[in-house]
Amino acid sequence: MPNSPPDPPIAPSRSIDIEDARLLDRLRRNERDALAAMYDAYGRMAYGLAYRVLGEAGDAEDIVQESFLSVWRQAERLDPARGSVRSLLMTIVHRRSIDVLRRRRGRPERALDDAQPIASSAPDPVEFASQAEERERIQGAMKELPPEQRAAIELTYFGGLTIAEMATREQIPLGTAKSRLRLALERLRKALVTA
Amino acid sequence: MNCEEINELLAAYAVDALDRSDTRTIGDHLSTCRKHDETLAGLTSAVWSLPALAEERDPSPELRARLLGAFDAEVAAQAVTTPPRAIPREPATVPFVRRSAFAWLAAAALFLVVVGLTTWNVVLQTSDEDAWTVSADLTGANIDGHLWYSDGLQLAVLSMEEMPAADSGRVYQAWGIYDGRPVSLGVMPHEDTIAMKADLAGASTFAITEEPAGGSPQPTGDPVAVAELG
């Protein structure tokens, strides 16, 4: 449990929630145009994330395709109040990209179901006015982190290393690796909330 | 693991930086223990911002069409997975629509009109003695069935005897093998009889594998059943 009072929650964006609810409703009805609209809105971001992790176009495109289909297949049981469609999509893209990366390295995939939620009520950063503005704010927040905490995020989230592998690579105790990553995420969140 | 140990690993859990064993252990713990909800929600909120750090990129223009094509195929397969009667063993000699056993295909045609593939409807309304271009046994250690394929309809029909359920958390996925390269035909529902839109022209083999839920970009294991098409 946290040692300090929780940060104030990020206010949800009613308009985007409503848009997500509409999108999910259309996906549940197998509306092709809804999937196309979702792709047009998030395809470049999804591909950018997969490519950043994998560094290769073929696998990245396969993952983007399967991730969009996965959101559609799960639409029946998704609740937009528990997280935006975009965040779910990016979580799937990331998980699948990391799985491919780890298979390339000869390690078994993590085998987490796409549908398995990481959290049920995490505040979502989608209320930013635009994706460009959001990127600018997050990049700014990342720059404020100490270098070792930035590295913790880079090595695990984008590099696909486990926390134990990160500790080995950085030649630090496992407990230190856990702390760095934890502090990095907590500081990043605080920076985004107060920005 | 106790709550304190779980708490120490929550950040790594939030960024998928744990091995399979620890991920499952923590997932099981979190499903019954609410003490970590608030902490995990905060960490996950930060993780959800991280994709914005990746520069947006343009995928190939073909990706959008491939995605929508895969969607069309899966929707079509879903719509015709439960015919009212069993598929005859030798449909190659049976013309469409003339026999009541194929009444379900007419229903499929109606559905396909809904999804905009009107040419299918036209084809299905006609009699075609040579509609099925491939008829092949589908065999595997625990699967015994048959596959028919129509080039003209780009439709594959699978009839399997007591198709066993995939393992928990896994699904069956169909593949066409083209010049030795597997191409996904989509995730299959667990049914004994399945019809799926598929272009198997040029494919040497039809194969079914078991994959993680949601399917895989490439097969992750050996086929559980194959049908030689050539």
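**Entry 1: burial and terms**

I count a residue as buried when its relative accessible area is under 20%, as exposed when over 50%, and as partly exposed in between (1.4 Å probe, protein chains only). At 5% relative accessibility, A:Tyr47 is therefore buried. A:Tyr51, with a relative accessible area of 23%, is partly exposed.

I note that this is a predicted model, in which local features need pLDDT of at least 70 and side-chain atom pairs count only at pLDDT 80 or more, while totals for chains, interfaces and linings use all residues. Residues are numbered from 1 along each chain as its sequence is written, chains are lettered from A and ligands numbered from 1 in the order in which they are written, and side-chain values use heavy atoms, with hydrogens and water left out.

**Entry 2: aromatic rings**

I looked up ring pairs next. Rings of Phe, Tyr and Trp (its six-membered ring) pair if their centres lie within 6.5 Å; planes under 30 degrees apart are stacked, over 60 edge-to-face, and the rest tilted. Over all chains, I found four aromatic pairs. One of them is A:Tyr47 with A:Tyr51, a tilted pair with 5.9 Å centre to centre and 45° between the planes. Both residues lie in helix α2 (residues 32–54) of chain A, four residues apart, about one turn of the helix. Helices here are DSSP runs (H or I, at least four residues), as are strands (E, at least two), numbered from the N terminus.

Why is the pair of A:Tyr157 and A:Phe158 edge-to-face? The ring centres are 4.9 Å apart and the planes stand at 90°, so the pair gets that name. A:Tyr157 and A:Phe158 are both buried.

I also checked for charges over rings (NZ of Lys or CZ of Arg within 6 Å of the ring centre and within 35 degrees of the ring normal). A:Arg52 sits over the face of A:Phe158, 3.9 Å from the ring centre. B:Arg57 sits over the face of A:Tyr51, 3.7 Å from the ring centre.

**Entry 3: where the chains meet**

I counted contacts (heavy atoms within 4.5 Å). Chain B gives 60 residues to the contact and chain A gives 75 residues. Buried area is the accessible area (1.4 Å probe) that two parts lose on being put together, summed over both. Between chain B and chain A it is about 6,500 Å², with 60% from carbon and sulfur atoms. In chain B, the residues that lose the most area to chain A are B:Asp16, B:Trp48 and B:Glu56, together 13% of what that side buries.

**Entry 4: salt bridges**

A salt bridge needs a side-chain nitrogen of Lys or Arg within 4 Å of a carboxyl oxygen of Asp or Glu. I found 19 of these bridges over all chains, and nine across the interface of chain B and chain A. Among the pairs I looked up is A:Arg73 with B:Glu74, whose closest N and O atoms are 2.6 Å apart.

Another salt bridge links B:Glu56 and A:Arg44 (2.8 Å, N to O). B:Glu56 lies in the loop between α4 and α5 of chain B and A:Arg44 in helix α2 of chain A, so this pair joins two chains. B:Glu56 is buried, at 18% relative accessibility, whereas A:Arg44 is partly exposed, at 37%.

Within chain A, A:Glu186 and A:Arg182 form a salt bridge (2.9 Å, N to O). They are four residues apart in helix α8 (residues 174–194), about one helical turn. A:Glu186 is partly exposed, at 29%, and A:Arg182 is buried, at 12%.
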